[in-house]
Amino acid sequence: FDGVEFSAGDNVYVKRREDAESDDEDPDVEECRVCFKAGGSKIMIECDDCLNGFHLKCLKPPLKEVPEGNWNCSYCDARRSGKDVKFPEPPAGKKLARTAREKLLSGDLWAARIESLWREVDGTYWWRARWYVIPEETAVGRQPHNLKRELYQTNDFADAEMESIIRHCYVLSPAEFSNASNDGDDVFLCEYEYDVHWHNFKRIADLENDVENGEGGNIDDDWNACDDDADSISEDEEFDDEMKTRSSSLSRSSRTHTSAANSRNGRIFGLQKIGARKIPEHVRARNQTELEKAKAALLLGTLPKSLPCRDKEMEEITTFVKGAICDDKCLGRCLYIHGVPGTGKTMSVLAVMKSLKSEVDHGTIKPYSFVEINGLKLPSPEHIYTVIYERLSGHRVGWKKALQLLNELFSEGNNSLKDRKPCILLIDELDILVTRNQSILYNILDWPTKPNSKLVVIGIANTMDLPEKLLPRISSRMGIQRLCFGPYNYQQLQQIITSRLSGVDCFEKIAIEFASRKVAAVSGDARRALEICRRAAELADFGKVVVGMANIEAAIKEMFQAPHIQVIRNSSKLSKIYLAAMVHQLYKTGMGETTFEKLATTVSCFCSSNGEAIPGYDTLLRVGCKLGECRIVVAESGARHKLQKLQLNYPSDDVSFALKGSKDLPWLAKYI
């Protein structure tokens, strides 16, 4: 377009005002801030503070070569020491021309990423923009850790004409930015995505991992980063030097080049994008069959248009959230949501947040920020401090430093919070944060009680009596507001499946009812019901066009009569008691893992109450080893027998289903 090649994935400067004449002023080379002459063949150096360019010979004293590490000009050093100094004024009749980089960082231009390009019927070219923002345009403003050239990618999109594009710029990842060499003045750093709706930050690398690996994502980096306490302590001890190190490593390459600071000569647009490209949807699109539509609709990762059977619970959550954010102080607001797995707890909260977002857009309720954290994705309970602070500030620090900064942020004497938006913190799998001294839960639940903290906590867990198991100082802060999600009955499961299949006519009604009744009799887990129906659709895809009872029965047989279920059914009596005790511990505590000592106590109670011989520790250890060899149970390695951690390797529903029909131990059914 206009003699320049553009492609999807490029980053560009965009006009902010249609009638801005200054946008046409775009010097090809940045001028020296002292002599006001272009760089040419002379070496220029960039100040890491003000980003102005200087000829080495124009400095006082002159420099012979570009120094290593960070470098600040004498004007910035003087201002930092408290002196009132001004930059030289341009000669009479000469106007100081501003580069596109200066206009962008001052808010006079926009930067955007080209998502797609197309040509309209009338011949005009259009493009879809994904906007970047400077730190000043976020809810928290510019922070001390922000670099001068730092931008945030947003989740805000817009369609615009190609006429609005000025030219290319280059937004790089931290690794690319630190290794940039001789890339001119149009280079920027982008490490985080800023959510313009919920006003929180997420690392782009984490988002890309989530897309590639599904909802769970690849969090090996987080686990390696917080592998043990020693790493965290070391990280916090070095935090004082972090800002200096980060600034040095990321800014050094952008100013040690030997050409002009804003030189754009030699650019070949588009050719650096060579590689595998995604085939556009319209090229490979075809009409899906009814079964293919059904399989897509029944995927667990597919977000339904509506969430049936939870209207009452969603109304209570909505009332709680509205009451909390309308309260100027949000003092001591906490909601605890509990229920067995697969009952729609998390999805109900997210549906409420989505509904309230539209009300915020229409101005009917106050804007607020929303942070969602899943405890299962944390490498350690303490790491939640790092995640919370990173989401609120767009900066990652060690958990000890993050705790200190969060305490300051929500402290009673922090006057900066008066103009801050309320923050709703959703913590899924809250019981993961229970530690020996319970200090993590105490800190998180204590923050909302601080005046002007404007923090609201919503905790989700499977354990009903979690507050009663906590110390009084924590359970008192958790409050009395609780919301229970009971297991679905077969009518509700039938309604959920039918709503997912709305507009798709390939399931017999009796088949859906049969699957719903089968799951409701075992657990009432909606996820299991969807999995059965989806597997039935896959089996029907090989022959019939309509999913019937035979397909549902085949899917149930495949799921509930799998090899591991057969192994459990044919195991010894003591092995069955062992597994029943593990399921009972899971339902009782809500924790996925237990210790051998707790398990042995539960097995002894089962045996003594039902006339069975009480086994010794050695016998139980041999049973555990046998189940471990079959991969039914996963055990922690090591010789700490009593404190050894144990966990089921298969869903508890499968184990319960296999044990409920046991003829030699019919009493097991009352415990599972």
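Are Phe54 and Trp71 buried or exposed? Select them: both are buried (under 20% relative accessible area with a 1.4 Å probe, protein chains only; exposed would be over 50%, partly exposed in between). A word on ground rules: this is a predicted model, where local features need pLDDT of at least 70, side-chain atom pairs count only at pLDDT 80 or more, and totals for chains, interfaces and linings use all residues. Numbering starts from 1 along each chain as its sequence is written, and side-chain values use heavy atoms, leaving out hydrogens and water.

Now show the rings of Phe54 and Trp71: with centres 6.2 Å apart and planes at 75°, the pair is edge-to-face.

Next, jump to Trp198 and Tyr368, a tilted pair at 5.3 Å centre to centre and 40° between the planes. Trp198 and Tyr368 are both buried.

Then pick Arg517: its charged end sits over the ring of Tyr490, 3.7 Å from the centre (the test is NZ of Lys or CZ of Arg within 6 Å of the ring centre and within 35 degrees of the ring normal).

Conventions
Rings of Phe, Tyr and Trp (its six-membered ring) pair if their centres lie within 6.5 Å; planes under 30 degrees apart count as stacked, over 60 as edge-to-face and the rest as tilted.
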